[in-house]
Each structure stands twice: as C-alpha cells, then as structure tokens.
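Biologist: Could you take me through one part of this model up close? I'd like to start with a single residue and then see what else stands out.

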Amino acid sequence: MWLFCFLLCSLAASLQARLTVSPSSSQIFKGDFVSLSCEEDDSSAGWTLRRNTSKGQRTQCGDGWGEGAGSSCNINMMVYHDSGVYWCESREGPISNMVNLTVTGGSVILQSPVLPVMEGDDVTLLCKTKTTPSNLPAAFYKDGSLIRKQPTGHMTIQHVSRSDEGLYKCDISGHGESPSSWITVTGDTLTCLCFCSFQHSQCDDNLMTVFALF
C-alpha cells in the first residue's frame with residue numbers, strides 16, 4: 001500500500017503546476033501591473049490560466065482580461081473586478097495551487113506570501129503605500145490584535161509554525177490601513193494525505209478529492 005501511495009503522490013506532484021505572481025503580493029494597488037505564470041516541469045501539459053471573479057467563473061486569460069504570453073498572463077492595469085481566485089489548469093484535469101488576489105483603491109497594502117508558507121521558514125511582511133517610500137513606521141496585526149510596531153515597515157516572522165497561520169493586516173499612521181490577507185502555514189501535504197488515506201478510512205473521500213485537484 002505504501003508503494004501505491006508513493007506512486008500516487010509522485011504522479012500528483014509531477015502533474016502539478018505552480019502559479020506564481022509578480023510582484024509577489026496577494027494585495028495589489030488599483031492601476032498596477034501584474035504578471036501571473038504557470039510554472040511546470042512538463043511544458044506539454046498545456047496549462048491555462050483561469051480565474052473566478054465577480055465578473056465570471058472559470059474564465060481564461062485573454063477572454064476579456066489579461067494578455068497571454070506563453071505560460072504567463074499579464075494584466076497591465078488591475079481594477080476592482082480583477083479581485084478573485086486565480087489558478088492554472090491543464091487539459092488533462094489537474095490544477096495548480098490557487099491564489100487569491102485583492103485589488104484595492106486604498107493607499108496602503110500588506111505584501112505577504114501568495115503561496116502557503118512551509119513550517120520552519122522565515123516570512124517577511126511589508127507594509128507599503130502607493131506614493132511614498134516603503135520604509136515608513138507601521139503597525140502589524142494578526143486576527144485583529146496588534147503584534148508589534150516596526151520603524152521601517154518590515155516585520156519578519158522567524159521559523160513559522162501552525163500557530164502563525166491567520167489573518168494579517170497593517171497600518172501606517174497618516175496613510176491608512178491595508179486590507180486583510182490570510183497566511184497559510186503548511187507541511188508536506190502529499191505525504192500527510194497518503195498517511196491519512198491508509199490509516200483512516202474516513203479520509204479516503206477527501207484524499208480522492210484532493211488528488212482530483214492536482
């Protein structure tokens with residue numbers, strides 16, 4: 001069974017693309033440029049970038065939004081209805097990680113990881129304004145409670161653990177408050193799912209659902 005599990009995990013990993021965002025932030029100022037890329041080992045998989053927004057479901061890059069460039073999609077000027085969930089999808093069915101982007105017309109954003117953070121890694125959050133230098137003093141909050149104030153607008157969380165997972169935002173005095181973004185902390189998902197499948201029968205349906213996503 002463990003050999004079967006290993007083969008399934010290997011297959012899932014080999015089929016999965018990774019969606020990256022540049023600049024690497026889940027919060028975007030209205031009017032800013034964003035590039036999204038499907039990165040994969042097998043370029044023949046035929047990955048397509050799709051999104052769900054208030055304007056439509058499962059629409060692909062070039063279908064009324066964005067400009068395709070190979071495995072990338074560029075959005076020259078982000079607007080409010082570009083807020084939503086983005087992912088890469090192949091003709092064979094597997095999909096990549098999903099990224100939630102929020103477009104704001106406010107004056108402050110929190111730059112935080114767009115992808116789940118591995119346990120033990122260091123994470124740096126940046127509180128920045130649209131028109132002034134990004135080294136202003138800022139206050140950082142998690143789940144509505146003040147964590148600490150930083151003199152240069154940067155805060156590093158060292159050796160993150162599951163307890164660091166939550167909803168983060170920041171505030172720059174005289175400029176305003178950012179929207180909130182969820183930071184996910186994860187371990188080796190595929191290994192855990194395989195263990196779940198063969199040790200706990202009630203997990204089987206969830207396992208098949210997750211494998212269907214990869």
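In which loop is Asp-143 found?

Modeller: Happy to! This is a predicted model, where local features need pLDDT of at least 70 and side-chain atom pairs pLDDT 80 or more, while totals for chains, interfaces and linings use all residues. Residues are numbered from 1 along each chain as its sequence is written, and side-chain values use heavy atoms, without hydrogens and water.

Asp-143 sits in the loop between β13 (138-142) and β14 (145-150); strands are DSSP runs of E, at least two residues, numbered from the N terminus. Its phi is near 50°, a positive value in a residue other than glycine. With a relative accessible area of 47%, Asp-143 is partly exposed, because that term covers values between buried (under 20%) and exposed (over 50%), with a 1.4 Å probe and protein chains only.

His-159 also has phi near 50°; this residue lies in the loop between β15 (154-157) and β16 (166-172) and, at 56% relative accessibility, is exposed.

Cys-127 is joined to Cys-170, S to S 2.1 Å, and the link is right-handed, with 85° about the S-S bond. Cys-127 lies in strand β12 (residues 123-129) and Cys-170 in β16, so the pair ties together parts 43 residues apart in sequence. Both cysteines are buried: Cys-127 has a relative accessible area of 1%, and Cys-170 has 0%. In the whole structure, a search finds 3 disulfides.

Notes. Helices (H or I, at least four residues) and strands (E, at least two) are DSSP runs, numbered from the N terminus. A disulfide is a pair of cysteine sulfur atoms within 2.5 Å.
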